[in-house]
Amino acid sequence: MKNKKDVKAVINPELANKTSKRKLLGKQKMLIAMSVPFVLYIILFRYIPLWGWTMAFQNYKPARSFFQQTWVGFRWFGDLFKSKEFLLSLRNTVGMSLISTALGYITAIILAVFMNEVRFIGVKRFVQTVSYLPHFLSWVIVTGLVANVLNVEDGTLNNILLGLHLVKEPVKWLATPKYFWHIIGWTYVWKEVGWNTIVYLGAMTAIDPCLYEAAQIDGCGRLRKIWHITLPGIKATIIIMMIMSAGHILDANFEMPFFLQNGMNQDVASTIDLYVLKYGFKLFNFSLATAAGIFKNAVNIILLLLANWIAKKSGEERLI
């Protein structure tokens, strides 16, 4: 005989829904308990520090308390857009991010497709290992390697080009502004392409093998299988990763522009983060630095929501 709660649940669907949620939460007590430290971490180190954003609306003086600060409204935001240095840094940040993102996506998808097509397990594991290893190097070490490889006098790249008689004299890679953004982009590819393929390879494992077998019976070659089965099979993953990357357009790499910049490439090497370091912290103008940080985060959030909205309107997978 059914108890009273079961009878009420049958009569009232909302009550049944609440009951099922309680049962589900009861079964996941351990998972909820394990997530508590991570939630606390996010609150303590991501949300509570947002209190510091008030400095962007003050003429902040470190020696004064919060109630002694002078409020100036949006003055510092106006100063940002009146500054030629900031606008130059904004252009460089967007340029470097777009190049790195575009190259990173294309190369990661191509490498994932190639590794998925490799039938020799030993070769596949070797390629995976070699491509993953640079990810575990710090950007400082990678920057040092790039500087040595591109050195004018005894750099590896110039020695190879001179040995093959492709150039008549050493190329000043780091002193030529037109090369700088591409150096940043291709270095990012070398460091992260193997790591970025993990997501796409995981998505490919979810594709039904019967589709490849049916295509084989129909006479499809490898290229047609890739075009009509593999790429459509990971389309949702590609869209989601693109949406997530839209939220990092203004998060250009800090270490490489900082260590590789010099008097010859400074106009193309300066980024928003370097602008904050130079005109914010070094000059003790914390309000200006905070305003630049708020602007960067606000733009990233807007781009993330815009990319998600476009995906939704297009009928594609979306993040939110």
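Among contacts in the protein chain between residues at least 6 apart in sequence, 67% join residues at least 24 apart. Contact here means heavy atoms within 4.5 Å. The model is predicted: local features need pLDDT of at least 70, side-chain atom pairs count only at pLDDT 80 or more, and totals for chains, interfaces and linings use all residues. Residues are numbered from 1 along each chain as its sequence is written, and side-chain values use heavy atoms, with hydrogens and water left out.

The protein chain has 16 helices and 0 strands. Both kinds of element are DSSP runs numbered from the N terminus: helices are H or I with at least four residues, strands are E with at least two. The radius of gyration is 26 Å, well over the 20 Å that the globule rule gives for 320 residues, so the protein chain is more spread out than a compact globule. That radius is taken over C-alpha atoms, and the rule is 2.2 Å times the number of residues to the power 0.38. Along the principal axes, the C-alpha atoms fill a box of roughly 90 × 75 × 35 Å.

Next, burial and surface. Of the 320 residues of the protein chain, 34% count as buried. Buried means under 20% relative accessible area, exposed means over 50%, and partly exposed lies in between, with a 1.4 Å probe and protein chains only. The accessible surface comes to about 20900 Å². Carbon and sulfur atoms account for 68% of that surface. Accessible areas come from the Shrake-Rupley method with a 1.4 Å probe; for residues, only the protein chains shown count as cover.

Charge is the next topic. The protein chain carries 34 positive and 18 negative charges, and their mean positions are 11 Å apart. Lys and Arg count as positive, Asp and Glu as negative; His and the chain ends are not counted. Each charge is placed at NZ of Lys, CZ of Arg, CG of Asp or CD of Glu.

Now take helix α4, residues 75-82. Its buried residues are W76, F77 and L80. Seen down the axis of α4, these buried residues fall within an arc of 105°, so they line one face of the helix. The arc is that of the directions from the helix axis to the C-beta atoms. What covers the buried residues of α4 includes α5 (84-117), α15 (272-281) and α16 (286-313).

Helix α16 also holds A311. A311 is buried, with a relative accessible area of 6%. Leaving out residues up to four places away in sequence, A311 touches I239, I243, E316 and E317. A311 and M242 are 69 residues apart along the chain, and their C-alpha atoms are separated by 9.9 Å.

S270 sits in the loop between α14 (266-269) and α15. S270 is buried, at a relative accessible area of 16%. Neighbours within four places aside, S270 is in contact with L88, S89 and N92. S270 and L90 are 180 residues apart in sequence and 8.6 Å apart in space, C-alpha to C-alpha. F284 lies in the loop between α15 and α16. F284 counts as exposed, at 61% relative accessibility. Its phi is near 60°, a positive value in a residue other than glycine.

The loop between α8 (156-163) and α9 (177-204) contains H165. Phi of H165 is near 60°, again positive in a residue other than glycine. H165 is exposed, with a relative accessible area of 71%. L174 is found in the loop between α8 and α9 too, but L174 is buried, at 17%. Neighbours within four places aside, L174 is in contact with A147, L150, I183, L260, N262 and N265.

Finally, R125 lies in helix α6, residues 121-132. R125 counts as exposed, at 57% relative accessibility. R125 and L90 are 35 residues apart in sequence and 40 Å apart in space, C-alpha to C-alpha.
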